[in-house]
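I opened the model and kept short notes on what I looked up. The entries follow the order in which I checked things.

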Amino acid sequence: MEDEKQRLSIEAARLYYLSDYSQQDIATRLGVSRPTISRLLQHAKDQGYVRIDIIDPLEDLDTLGDSLKAKYNLDHVLVSYSPLNEYQEIQKHISKRAAEYLHDIVQDTDIIGVTWGTTMYAVAQNLEPKHVKGVEVVQLKGGVSHSHVNTYAVETVNLFAEAYQTAARYLPLPVIFDNIAVKQMVEQDRHIQRIIELGRQANIAIFTVGTVKSDALLFRLGYFSKEEQHLLESTGVGDICSRFFDTEGNIISEEINQRTVGIDLPDLRNKEKSILVAGGHRKIEAIRAALIGGYANILVTDQFTAQSLLL
């Protein structure tokens, strides 16, 4: 009798949990009543014939975030779920998560330093208006390019300013000059000095990382000679605010760095909230180097990137 009950409970469990039969369908198939099937299913669970695991994706994301926080000594990590390990899909989800985070943290009199590029533009497009007073929004690096490729520099800072009811502070210069002396001369302008200083004073900085792949945005903007691009590709892994670094987060070329307009990377370490928004397979090396360099204390990424960063 007990053997028959065991057989029936296992058969009922297989049909119910593996084949998605209803209890009534199983009852008809086995020639018993539906209440009997309910008791058989409970018996299968009680005897350990059935084990039910519930996977909470949010719990998994929190675990990934905690692991990243510990490994890279970060203050906060937000891991956004992406259904696909594909850059455009990842960018869509992490930019939305970053915008939500900003909505939560921005307060009266904050100074927000913003960079540009497709990820930052996506963050800007997802911002929800927030009623705050005395907020400043400032570009952290020059936004004028030498090509027709759109950097979304103006659009991005404008959307940030609009969300927080303020005027945008532009840095109306090329991000990289051909000549150090010319760059230094331009930076002596009082207006430019004020904008750069405001970027240093920003308590919130939000930025992404670029790569040193041949199709990287900065390479397509016409700032570098072939020799310079080769140097950056061969010795670097990425950039933040158009300042290029190696696997340890160290600046590659001091000469190129001296020609670059905007915030210096060490200044990012002093921010109350230095927020790196980045994900995707192509950016993993650059993200890891940026975290090793200590340029961010807050990371917004996706679960695929998070898992790779923990390897």
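Predicted model: local features only at pLDDT ≥ 70, side-chain atom pairs only at ≥ 80, totals over all residues.

Entry 1. I looked up Val114 and found that it stands opposite Ile206 in strand E5. Strand E2, residues 111–114, pairs with E5 in the parallel sense. I noted three bridges between E2 and E5.

Entry 2. Next I asked which strand pairs with E5 over four bridges. Strand E9, residues 273–277, does, and the sense is again parallel. I then picked Phe207 and found its bridge partner in E9, which is Leu276.

Entry 3. Are the faces of E5 covered or open? I checked residues 204–207 and found both faces covered. Ile204 and Ile206 are buried on one side, and Ala205 and Phe207 are buried on the other.

Entry 4. I moved to Asp302, which lies in strand E10, residues 298–302. Asp302 is buried and has no salt bridge. The nearest side chain of opposite charge belongs to Lys283, 10 Å away.

Entry 5. What does the side chain of Asp302 reach at 2.9 Å? I found the backbone nitrogen of Phe304 there. The side chain of Asp302 also makes a polar contact of 2.5 Å with the side chain of Thr305.

Entry 6. Last, I looked at Leu18 in helix H1, residues 2–18. Leu18 counts as exposed because its relative accessible area is 69%, and the cut-off is over 50%. Together with Tyr16, Tyr17 and Ile52, Leu18 makes a nonpolar surface patch of about 410 Å².

Note on methods
Residues numbered from 1 in each chain as written. Heavy atoms only, no water. Patch = residues over 30% accessible without salt bridge, like charges linked within 9 Å, V, L, I, M, F, W, Y side chains within 5 Å. Areas by Shrake-Rupley, 256 points an atom, 1.4 Å probe, with all protein chains shown as cover. Salt bridge = Lys/Arg side-chain N within 4 Å of Asp/Glu carboxyl O. Helix = DSSP H or I, 4+ residues; strand = E, 2+ residues; numbered from the N terminus. Buried < 20%, exposed > 50% of the residue type's maximum accessible area, 1.4 Å probe, protein only. Pairing = 2+ DSSP bridges. Lys, Arg positive; Asp, Glu negative; His and termini not counted. Polar contact = N/O pair within 3.5 Å; in protein donor to acceptor, adjacent residues only side chain to side chain.
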